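Visitor: I am new to this structure and would like to know what stands behind the words used for it. Could you take me through them with care?

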Amino acid sequence: DIGVTGVQTCALPIYQNIWVLDISANAIDRAKQRLGEKASKINWIVSDIIEFKPPVLFDFWHDRAAFIS
């Protein structure tokens with residue numbers, strides 16, 4: 001998930017091996033606090049998506065606010 005909203009609202013109960021990328025460390029910290037113990041089940045990445053080099057292959061990519069020009 002790009003941005004922390006998806007993992008908080010729906011992804012965690014359904015999927016495994018979840019990776020969340022957000023440019024904001026503060027947003028990730030707030031999401032971790034809201035998720036509590038469940039946050040440890042997620043791979044958290046602070047990065048600009050343009051500069052991100054995935055260390056693994058992903059089966060599914062979600063970005064609720066991607067703008068392509």
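Visitor: What makes Ile49, Ile50 and Trp61 a nonpolar surface patch?

Guide: Patch residues have over 30% relative accessible area and no salt bridge, and nonpolar side chains are joined within 5 Å; on that basis Ile49, Ile50 and Trp61 make a patch of about 340 Å², with areas from the Shrake-Rupley method and a 1.4 Å probe. A salt bridge is a side-chain nitrogen of Lys or Arg within 4 Å of a carboxyl oxygen of Asp or Glu. This is a predicted model, in which local features need pLDDT of at least 70 and side-chain atom pairs count only at pLDDT 80 or more. Residues are numbered from 1 along each chain, and side-chain values use heavy atoms, without hydrogens and water.

Visitor: Why is Trp61 called partly exposed?

Guide: Buried means under 20% relative accessible area and exposed over 50%, with partly exposed in between; tryptophan 61 has 44%, and is therefore partly exposed.

Visitor: How do you know that the buried residues of α2 line one face of the helix?

Guide: In α2 (residues 25-35), a DSSP run of H or I with at least four residues, the buried residues are Ala27, Ile28, Ala31 and Leu35. Seen down the axis, they fall within an arc of 100°, taken from the directions from the helix axis to the C-beta atoms, so they line one face. Asn26 and Gln33, on the other side of α2, are exposed.

Visitor: Which residue caps the N-terminal end of α2?

Guide: Serine 24 does, with a side-chain oxygen 3.3 Å from the backbone nitrogen of asparagine 26.

Terms used: Patches are made of residues with over 30% relative accessible area and no salt bridge: like charges are joined within 9 Å, nonpolar side chains (Val, Leu, Ile, Met, Phe, Trp, Tyr) within 5 Å. Buried means under 20% relative accessible area, exposed over 50%, partly exposed in between (1.4 Å probe, protein chains only). Helices (H or I, at least four residues) and strands (E, at least two) are DSSP runs, numbered from the N terminus. A polar contact is a pair of N or O atoms within 3.5 Å; within protein, one must be able to donate a hydrogen and the other to accept it, and residues adjacent in sequence count only if both atoms are side-chain atoms.
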